[in-house]
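Thank you all for making the time this morning.

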Amino acid sequence: MLNDPRTVRITGDDTAAVFRRADDVDAEERPADHGDAPVPEAYVWCNLTSGNGSRALWLLLLPFMVVNLAHWMRPTTEGHRIRTVRLYGLLVRLAGLSLTVLLVAAACEVALDLTAWQCAGTPACAGRHSWLGFLSPVVSDGGWWSEPGRRLALAALVPTALTGLLWYLSHRTWSAYESQPPPPQDEEADGEAGEDAYRSALARPGFWYGRRLVARLRAAHTAAALLTVAAAVGTAAARQDRRPGGPALLDALAPLFESAYVVGALVVVWVVCRRGRTENRLDRGLDRALVRLLPMSSLALLVLSLGYACWSRPDWRSAGRLPGDRVFGTLTLTQCLLVVVLALVAHTLYRTHRHPRTALRGLAGPAVAMLACALGGVMSGGVAQRVSDWLDGTRRTLPGPPVLLTWQASAIPPLLLLLLVVVALLARRTLRLRRAEAVQVERDHPGEPTDAARTRRIAGARAMAPLTDLAPRVIGVVAVATLLLGTASLVGAELTDEVPGDAARGTSSALQGAADTTQACGSWLIGVGFLLFVTWGRRAYKDPAARRTIGILWDVGTFWPRAAHPFAPPCYAERAVPDLTWRMATWTGSTGGRLVLSGHSQGSVLAAAAAWQLKPSVRRRVALLTYGSPLERLYGRWFPAHFGPASLSALHREVDCWRNLYRLTDPIGGPVRLPGDCGPEVDRAPLKDPLAYGRTALHPLPAPILGHSDYQADPAFAEERRLLLARLRPGVPAPRPVEEADGTAPTDNTPQAPGSSGRSSG
């Protein structure tokens, strides 16, 4: 980034830091040695998304990350009542809560139902797995742990440990990310307080400080997970105790425990619904009593439930599936209803401010929420199906996982067929566009010898780049198909209470063959997907290169604060944006200088977010240079409430100047597309790629097609940076003293460097 092998970290730590060239470390103290040359700095933040091997665990949190994205995809909210906006956030938070319950319910299905209830209660299965022998009434000859309630209590340690792991990861990252305060803002000191002070939500003082909400949500989700485990154990025991002939004490305790589960669930839902994000101010409150009491009371109820289940019940036998397996159907129905209502709310918001570039006409949030629920269902069903196959194989001595999970797995082959059709249509479109681009490439290089192979490569790169703009259509098709297939799976499971192959018995041979094929293929595909998932996670744990690949996935997914799910991977921007803001604010405050803030790809998004967080007086001393930027192409379309045309136009007005570079071969970066006369002021004409079509004196070897990378190799980058610096220099104020801790100023007014060019890329 600094184009120099000798670099020095001037501030920061091993996670994220600011670097300078060794010759520039004390540039402010030696202005005569630098003259008018800018002092470049580099902010490196790649460890925030790749880091150490523990990042591999983030793969488990993928559904949580996706549903958190849905929160930020709401349409522009200007002109709407605050209740509608809050309802949108509330529905996404409830969808996130359902995913937590789904994950823990899947763990309960594996540990309690398949292992402790079915396999340990079946002599043939327990005999094949010797490590379950002490839980089997036959193998252990009626040992203490062989009673069903005690087996369930022991197996409950697995989902409880999973809950503890999720809590630990969330709390550790909360301390490292959400607890980073941004610089204090005093808008009144700048004389610009009021309604226009926050043209974008990203400019609000508390936007990147979600400490309080994440703590509340973490407490609620932890309590929900513990209550799920407690209910899985306690309701099974209560169902046994309600049968005639049982002890009177246990019969009296059963409704008390069931009532406690209901009350606990209502309290958790109330906590999730009660409070959303606070962005207009730094909310330093923490709700310590709630954060501590809610999880601890749920843990106490879990311990009591385990003790209740361990009570001796000599006549209790485990048969069939564990009572309560219909919770998966309830969760599926709840998620479908939440997504439908969320779509209605999103459509209401979009109708007021329609914009043709908005992804899926404002329905991107509901579509992504649907995909998050589907992803959670596939992961849950995949784990349950693989464990069932491992315990029982093809012997069919066990009832297996709930019927609904098999129906959902059977929906995967039709969904993949639909995806193949979509991919085929996209390929056809790309081929047509490549032929058209080939003609344009030859027009762009008149008088040069034609190279058919070279032309095809350039045209192919140009034709592939616009596929990014078609992503909303693909996501929309998949989301609608997922909703319909999920609904059909739920209806089929509820009406037949049999797996698809068995439910189709007695029908036409074609229908029965289709049902058997989809069931077999779905089981196989979900198993392969589960193995690939585990393999990818294992590789990411050991291989830094693979971990960086996963880090690229998280660049967009973890840019946003955890507003809907506390167990999502942490928001690196809650560390990176305050870092950049602190650095720019302190540097301009101590030197009186101005700076060019340049960022590539996701770094340009961080640069814009950091510029929004500056005081207006400081923001006017900053010039933006973005290149390969997804600010409008991805963020403006998918997150219109925060990066829409109004927000980007306001940013353009509030900084000193802004220039954006992009290529037609870049699948990620694109123009900012500001409305009116602002567009040409920001977007430069598309850069040439490659820099030379054939061999020239300057490029004797074939120039590469750069696409999204190496923008600094283009002479346009140096030219635009030089013009920005030249524009900034006339307004550089005279050096001023730096206030010391005791309020006095140094006696010598050391001249300061006139400008700094910092890059926010990694």
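Let me begin with a question: is Arg361 buried or exposed? Before I answer, please keep in mind that what you see is a predicted model. Arg361 is exposed, because its relative accessible area is 62%, and a residue counts as exposed when that value is over 50%. Arg361 sits in the loop between H10 and helix H11, the latter covering 364–392, and its phi is near 50°, a positive value in a residue that is not glycine. Most residues other than glycine have a negative phi, and most peptide bonds are trans.

With that in mind, let me turn to another loop, the one between helix H25 (678–682) and helix H26 (715–728), where Pro690 is found. The peptide bond that joins Asp689 and Pro690 is cis, with omega at about 0°. Asp710 also has its place in the loop between H25 and H26, and although Asp710 is not a glycine, its phi is positive, at about 55°. Asp710 counts as partly exposed, because its relative accessibility is 45%.

Now to the helices. Two packed helices are described by the angle between their axes and the distance between the axes. For helix H10, residues 327–352, and helix H12, residues 403–410, the axes come within 8 Å and cross at roughly 50°, which means that H10 is oblique to H12. On the H10 side the residues involved are Phe328, Gly329 and Thr332, and these meet Leu404, Leu405 and Gln408 in H12. Taken by class, this contact has 3 nonpolar and 3 polar residues, and no charged ones.

Staying with H12 for a moment, Thr406 is also found in that helix. Thr406 is buried, because its relative accessible area is 10%, and, if we leave aside neighbours within four places in sequence, Thr406 is in contact with Gln385, Val499, Pro500 and Gln519.

At 36% relative accessibility, Trp167 counts as partly exposed. Beyond its neighbours within four places in sequence, Trp167 is in contact with Arg218, Thr222 and Phe567; Arg218 lies 51 residues away from Trp167 in sequence, while the C-alpha to C-alpha distance between the two is 7.1 Å.

As for Phe559, its contacts outside the four neighbouring places in sequence include Trp208, Trp554, Cys571, Tyr572, Gln602, Leu606, Tyr635 and Phe643.

Finally, the chain as a whole. The secondary structure of the protein chain comes to 26 helices and 7 strands, and of its 762 residues, 52% are buried. Among contacts in the chain with a separation of 6 or more, 79% are between residues 24 or more positions apart. The accessible surface of the protein chain is about 33500 Å², and 60% of that surface belongs to carbon and sulfur atoms.

Note on methods. Residues numbered from 1 in each chain as written. Predicted model: local features only at pLDDT ≥ 70, side-chain atom pairs only at ≥ 80, totals over all residues. Heavy atoms only, no water. Axes fitted to C-alpha atoms, helices over the stretch in contact; angles between N-to-C directions. Helix = DSSP H or I, 4+ residues; strand = E, 2+ residues; numbered from the N terminus. Parallel < 35°, antiparallel > 145°, perpendicular 65-115°, else oblique. Contact = heavy atoms within 4.5 Å. Nonpolar A, V, L, I, M, F, W, Y, C, P; charged D, E, K, R; others polar. Buried < 20%, exposed > 50% of the residue type's maximum accessible area, 1.4 Å probe, protein only. Areas by Shrake-Rupley, 256 points an atom, 1.4 Å probe, with all protein chains shown as cover.
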